[in-house]
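Subject: Model for your review

Please find the structure below. My notes on it follow.

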Amino acid sequence: MNPLGELLKARIEREGPISLHDYMEMAVSHPEHGYYARQNPFGAEGDFITAPEASQMFGELIGLWAVDVWVKLGQPGKFYILELGPGNGTLMGDALRSARLVPEFLAAAEIHLIETSARLKERQAETLDDHDIHWHDELPDLVGAPIILIANEFFDALPIHQYSYQSGTWVERMITLRDGKFAYQLADTPVAITSAPSADDNDILELCLAGDRLIEQISKLIFREGGAALIIDYGATETILGDSFQAMKRHEYADPLASPGEADLTTHVRFSNLREIALSCGITVQGPIPQGRFLERLGIEARHHQLKKNAGEVQRKNLDTQLRRLISSSEMGTLFKVMALSHNTSAATEGFGS
Ligand code: SAH
């Protein structure tokens, strides 16, 4: 067993079964042995490819989305641009490069990144070395200027609790040790979950309290200061029951309990839940809509065409592959959803249609 596995094992031997939440939190975020502390997650050499790593067009279009929000905010002389979990910093780099078309936007932007991995902070500093950056471990309470926030594949990494429906009650799914390996086990006593939909025996319900708290914080911040947030992630438009806890290792699905800290652990984001919370804070919500449609509305095909005009043959093929990857239904186009929150902008944000 790897060092993180040994730590988890010792804890289970000491305390008994632990929640899936605690298992996932340690596997993803343990400061020394957690996935983002030790692995190089992204790209062909890593475990998975995110949209900004797949193509510069993704971050560029989001940069233009942000410029449009800024215009709709009345071109404030100062605003905060925040990104949650920026990975290598590629999205922010591409966004700021495309925003160079509007120098007043860049001059007004104060850049804040929310990142817990020391290793990835270093990568972000290298990618964004032309810019002044403020880093935070969690969402800062920024005051005195509007907010433009971006989160791509961030909410899926937040730890969840899972519950199984058993004879009319919900019972938490825990992680225990069986024959020296991690295995699921149901808790001894049921819990009351008021918001749960109707279910059949053995249905699984997932709750992400960290995500719920975060969307509430973001909503309150935007309600107070004005601005907009763009949340991009995979998940269904409506809440569904089911086990979405998954591991990715070297671009293949893996067993999430097999080697904690060595594979990327994620779950599908419950957009309908996030939407409800934002609405209850008085925020305007657009979407979730499929990523493919959002990027088409922002003009990805025109950008693709423009890049191809100046490209050699190999690069032209690559650009076609990138476009397909981002918008095709069989790739990221449909599974990934985009949702915008906004407040005090003169009009709804771009990319969602009327
Ligand atoms: N947005 C990037 C990376 C997505 S991976 C991209 O699209 O390429 C998830 C990112 O969130 C990583 O940077 C990871 O270190 C960070 N992260 C995960 N959990 C976090 C938490 N609880 N707080 C802050 N950052 C976190």
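Contact here means heavy atoms within 4.5 Å. Helices (H or I, at least four residues) and strands (E, at least two) are DSSP runs, numbered from the N terminus. Buried means under 20% relative accessible area, exposed over 50%, and partly exposed in between (1.4 Å probe, protein chains only).

This is a predicted model, in which local features need pLDDT of at least 70 and side-chain atom pairs count only at pLDDT 80 or more, while totals for chains, interfaces and linings use all residues. Residues are numbered from 1 along each chain as its sequence is written, and side-chain values use heavy atoms, with hydrogens and water left out.

Helix H10 spans residues 271–280, and its buried residues are Phe-271, Ser-272, Leu-274, Ile-277 and Ala-278. As a reminder, an α-helix has 3.6 residues a turn, so residues three or four places apart point the same way. After H10 comes Gly-282, with a positive phi near 85°.

Neighbours within four places in sequence aside, Ile-215 is in contact with Phe-155, Ile-231, Leu-274, Ile-277 and Leu-341. Between Ile-215 and Phe-155 there are 60 residues in sequence and 9.5 Å in space, C-alpha to C-alpha.

**Salt bridges**

A salt bridge is taken as a side-chain nitrogen of Lys or Arg within 4 Å of a carboxyl oxygen of Asp or Glu. The count by this rule is 16.

- Glu-350 and Lys-72 form a salt bridge at 3.2 Å, N to O. The pair links distant parts of the chain, 278 residues apart: Glu-350 is in the segment after strand S15 (336–343) and Lys-72 is in helix H5 (residues 56–72). Glu-350 is partly exposed at 35% relative accessibility, whereas Lys-72 is buried at 15%.
- Asp-141 and Arg-224 form a salt bridge at 3.1 Å, N to O. Asp-141 lies in the loop between strand S4 (133–136) and strand S5 (147–152) and Arg-224 in helix H9 (residues 209–225), so the pair ties together parts 83 residues apart in sequence. Asp-141 is exposed, with 56% relative accessibility, and Arg-224 is partly exposed, with 44%.
- Lys-249 and Glu-262 form a salt bridge at 3.4 Å, N to O. Lys-249 is in strand S11 (residues 246–249) and Glu-262 in the loop between strand S12 (252–254) and strand S13 (264–266), 13 residues apart. The relative accessible area of Lys-249 is 30%, which makes this residue partly exposed.
- Arg-11, Arg-14, Glu-15 and Asp-22 are joined in a network of salt bridges.

**Charge on the surface**

Glu-122, Glu-126, Asp-129 and Asp-130 form a negative surface patch. Patches are made of residues with over 30% relative accessible area and no salt bridge, like charges being joined within 9 Å and nonpolar side chains (Val, Leu, Ile, Met, Phe, Trp, Tyr) within 5 Å. Asp and Glu count as negative and Lys and Arg as positive, with His and the chain ends not counted. A charge is placed at NZ of Lys, CZ of Arg, CG of Asp or CD of Glu. Accessible areas come from the Shrake-Rupley method with a 1.4 Å probe, and for residues only the protein chains shown count as cover.

Ser-117 lies in the loop between strand S3 (109–114) and H8. Ser-117 is buried, at 4% relative accessibility, and, leaving aside neighbours within four places in sequence, is in contact with Tyr-36 and Ala-37.

**Backbone points to check**

- The peptide bond joining Gly-287 and Pro-288 is cis, with omega about 5°. Pro-288 is in strand S14.
- Glu-153, not a glycine, has a positive phi near 50°. Its place is the loop between S5 and strand S6 (161–166), and Glu-153 is buried at 12% relative accessible area.
- Asp-179 also is not a glycine and has a positive phi, about 50°. Asp-179 lies in the loop between strand S7 (169–178) and strand S8 (181–191) and is exposed, with a relative accessible area of 78%.
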